[in-house]
Amino acid sequence: WCDIAKNTDFCCFYSAYHTVVKWCGDGKELVAKNMQVNGQKAQARQGSKYYFQPGLCFSRRSEPTFSVRVHPANAAFSSNGGVVLPKKPLSALYLAGLLNSSPFRAAVKLLANKYSYTSGHVEVLSWIEPGQQARAKIEAAASDAITSKIEIERTMEIDPYYSGPSKSISQSTLKENARSERKRRRECVEVIHRAGEIIDAEVIA
């Protein structure tokens, strides 16, 4: 069984996958089911040569705009979950920052039709590569945003990073625990917002 990227709501930088697919034996069970339902097997293996590679994913339909998030190396993807696989020398972190920046989101939104996005919209984007220092800042900011997003979501039991109740929940009363957890989440959100501002500043410069 492996995680699979599917269409989700608007979400930047990180969101856990909550759907799995059985892919043992090169997806032979999926192929058999597809033959039974559709009379052909190509659909079941469409894009499978790109499975299990780290990169980024995006929802093919998303409001209010386009966004990308981490796509882990142990995951497949469906036709409703678009995937961006970085080519050297570009890193997934760099592209996560770039594609989540305000200018790039606006560009993809202009190309799209009614909040419907495809890999083609991403492939046709062009830009002047920034210097090494600017790229390093974008990667660092994207890393901070991803880490903070994981910190927000890891308190949910269905998240793969779940490790028990938040460390902020150590106060004596429920009200104090709730206040402490809200503060922790607010701090994470602030880190994500600052990261976005840093990325936008480097992209626009």
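Analyst: Strand E3 (55-59) is mostly covered, with 5 of its 5 residues buried. Buried means under 20% relative accessible area; exposed means over 50%, and partly exposed lies in between, with a 1.4 Å probe and protein chains only. Strands are DSSP runs of type E with at least two residues; helices are H or I runs of at least four, and both are numbered from the N terminus.

This is a predicted model: local features need pLDDT of at least 70, side-chain atom pairs count only at pLDDT 80 or more, and totals for chains, interfaces and linings use all residues. Residues are numbered from 1 along each chain as its sequence is written, and side-chain values use heavy atoms, with hydrogens and water left out.

E3 has strand E4 (residues 69-71) as an antiparallel partner, over 3 bridges. Two strands pair if DSSP finds at least two bridges between them. Cys57 has Arg69 of E4 as its bridge partner. E3 also runs antiparallel to E6, and 4 bridges join them. There, Phe58 stands opposite Gly82 of E6. Strands of a sheet pair through backbone hydrogen bonds, either parallel or antiparallel.

Next, what packs on E3? Buried residues of helix H2 pack against E3, and also against strand E6 (81-84), helix H3 (102-111), helix H4 (119-123), H5 and H6. Helix H2 (residues 92-99) has 6 of its 8 residues buried, so H2 is largely enclosed by the rest of the structure. The buried ones are Tyr94, Leu95, Ala96, Gly97, Leu98 and Leu99.

H3 holds Ala107. Ala107 is partly exposed, at a relative accessible area of 26%.

The axes of helix H5 (residues 132-153) and helix H6 (residues 174-204) come within 8 Å and cross at roughly 160°. Axes are lines fitted to C-alpha atoms, for helices over the stretch in contact, and angles run from 0 to 180 degrees between N-to-C directions. H5 and H6 are therefore roughly antiparallel to each other. That label applies to angles over 145 degrees; under 35 is roughly parallel, 65 to 115 roughly perpendicular, and the rest oblique. H5 passes H6 in a left-handed crossing. On the H5 side, the contact residues include Ala134, Ile138, Ala141, Ala145 and Ile152; on the H6 side, they include Cys188, Val189, Ile192, Ala195 and Ile199. Contact means heavy atoms within 4.5 Å. By class, this contact has 14 nonpolar, 1 polar and 7 charged residues.

A separate sheet involves other strands. It is open, has 3 strands in the order E2-E1-E5, and its pairing is mixed. Strand E2 (20-21) and strand E5 (75-77) are the edges, each pairing on one side only. Strand E1 (residues 2-5) pairs with E5 in the parallel sense over 3 bridges. Ala5 has Phe77 of E5 as its bridge partner.

Now the whole protein. There are 6 helices and 6 strands. From the N terminus on, the elements run β-β-α-β-β-β-β-α-α-α-α-α. Of the 205 residues, 40% count as buried. The C-alpha atoms fill a box of roughly 60 × 45 × 30 Å, taken along the principal axes. Among contacts with a separation of 6 or more, residues 24 or more positions apart account for 65%.

Note on methods:
A crossing is left-handed if the near helix is turned anticlockwise from the far one by less than a right angle, and right-handed if clockwise. Ala, Val, Leu, Ile, Met, Phe, Trp, Tyr, Cys and Pro count as nonpolar, Asp, Glu, Lys and Arg as charged, and the others, Gly among them, as polar.
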